[in-house]
Amino acid sequence: RNGAMPTWAMLQSGACVARAAHLLVFERIAIDKLSAAPSASVCTLALEAFAMMALLPTVLARRRLVTGLFSMSMVCACLADSRLATSTEPYVVAAAQRSGLALAALALCVLFLGGFPTMISAIGVVQALTRIHGLDKLKA
């Protein structure tokens, strides 16, 4: 119950959900049509579900970690299920428009807590990742 094990279990459970969502999106498998999916995909999803169920009692040892696991899982569920993705799209657009202000606030916090070199390197990493993934070409 103490130590880093429940936190590790929460992160690994979130990773299981993310890998399952990635498989559903990559293989273009609808959740309601899972019975018609290839057997390798179904076995992979079953293995991820088993891994998550094995780690779940450790996560439930701390109540605050359940909220973290739920929030990580909901993001992946929105990506895997097109109905959830279309219903949450207006909120994502609104959040993306405010991300510049959030980055500025975070940069100020890092400046005061970590110093100028830390802030410059953090902003550089964010800018590099934005250009690598093409986030600067998103339409509002």
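V75 is part of helix α3, which covers residues 63-80; helices here are DSSP runs of H or I with at least four residues, and strands are runs of E with at least two, numbered from the N terminus. The structure is a predicted model, in which local features need pLDDT of at least 70 and side-chain atom pairs count only at pLDDT 80 or more, while totals for chains, interfaces and linings use all residues. Residues are numbered from 1 along each chain as its sequence is written, and side-chain values use heavy atoms, with hydrogens and water left out.

V75 counts as exposed because its relative accessibility is 52%; exposed means over 50% relative accessible area, buried under 20%, and partly exposed in between, with a 1.4 Å probe and protein chains only. Together with V25 and L79, V75 forms a nonpolar patch on the surface, whose accessible area is about 290 Å² in total. Such patches consist of residues with over 30% relative accessible area and no salt bridge, nonpolar side chains (Val, Leu, Ile, Met, Phe, Trp, Tyr) being joined within 5 Å and like charges within 9 Å. Accessible areas come from the Shrake-Rupley method with a 1.4 Å probe, and for residues only the protein chains shown count as cover.

Side chains of opposite charge can pair when their charged atoms come close. The structure holds 1 salt bridge, defined as a side-chain nitrogen of Lys or Arg within 4 Å of a carboxyl oxygen of Asp or Glu. The partners are E48 and R19, with an N to O distance of 3.0 Å. This pair links distant parts of the chain, 29 residues apart: E48 belongs to helix α2 (residues 39-59) and R19 to helix α1 (residues 5-26). E48 counts as buried because its relative accessibility is 13%, whereas R19, at 40%, counts as partly exposed.

The chain contains 6 helices and 0 strands. Helix α6 (residues 116-132) has 17 residues and should span 24 Å at 1.5 Å a residue, which agrees with the 24 Å between its end C-alpha atoms; the expected span is 1.5 Å times one less than the number of residues. After α6 comes G134, which has a positive phi near 70 degrees.

For the chain as a whole, the C-alpha trace spans about 50 × 45 × 25 Å along its principal axes. Buried residues account for 21% of the 140 residues. The accessible surface comes to about 10,200 Å², and carbon and sulfur atoms contribute 70% of that surface.
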